Amino acid sequence: AHCVRLVPAAVRRTFTIRQFTRLVTAAGPVDPPVDAAAGPRLRALVGAAIAARPRVQAVPGAADDLPDPVNGPLAGFRTCAKELWASMGVMTAPLACQPTGGSPPR
């Protein structure tokens with residue numbers, strides 16, 4: 001919300017992590033050219049999320065927010081890390097650059 005207040009014109013291409021993951025999943029396969037640089041692939045992914053927005057049922061704002069684990073128990077940080085890991089996998093798969101570095105956080 002703060003980003004959109006700073007740059008209102010960015011509202012169409014601004015998402016929470018959960019929302020972007022939901023929209024990219026609903027959009028289905030994104031097929032930018034295999035030999036395209038990262039920029040065009042990323043623009044295709046954002047374009048797919050934008051196109052999916054009107055077709056995907058809205059959820060309450062809290063459902064699209066990632067709970068902030070700060071000042072909470074360690075379990076909250078672990079839950080947040082697992083969700084971020086899963087979201088990054090969904091978001092990076094169409095870019096042909098899966099997250100590396102082993103298994104998801106425990």
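**Note on the predicted model**

1. Thr21 is buried, at 13% relative accessible area. Buried means under 20% relative accessible area, exposed over 50%, and partly exposed in between (1.4 Å probe, protein chains only). This is a predicted model, where local features need pLDDT of at least 70, side-chain atom pairs count only at pLDDT 80 or more, and totals for chains, interfaces and linings use all residues. Residues are numbered from 1 along each chain as its sequence is written, and side-chain values use heavy atoms, without hydrogens and water.

2. Thr21 sits in helix H2, residues 17-27. Helices are DSSP runs (H or I, at least four residues), numbered from the N terminus.

3. What does Thr21 touch? Leaving aside neighbours within four places in sequence, Thr21 is in contact with Ser87, Val90 and Met91. Contact means heavy atoms within 4.5 Å. The side chains of Thr21 and Ser87 also make a polar contact, at 3.3 Å. A polar contact is a pair of N or O atoms within 3.5 Å; within protein, one must be able to donate a hydrogen and the other to accept it, and residues adjacent in sequence count only if both atoms are side-chain atoms.

4. The largest nonpolar core has 11 residues, among them Phe15, Val30 and Met91. H2 and helix H3 (38-52) each supply at least two of its residues. H3 gives the most, with four. Such a core is a set of buried Ala, Val, Leu, Ile, Met, Phe, Trp, Tyr and Cys residues joined through side-chain atoms within 4.5 Å.

5. Asn71 lies in the loop between helix H4 (61-64) and helix H5 (74-92). Asn71 is exposed, at 80% relative accessibility. Its phi is near 70 degrees, a positive value in a residue other than glycine.
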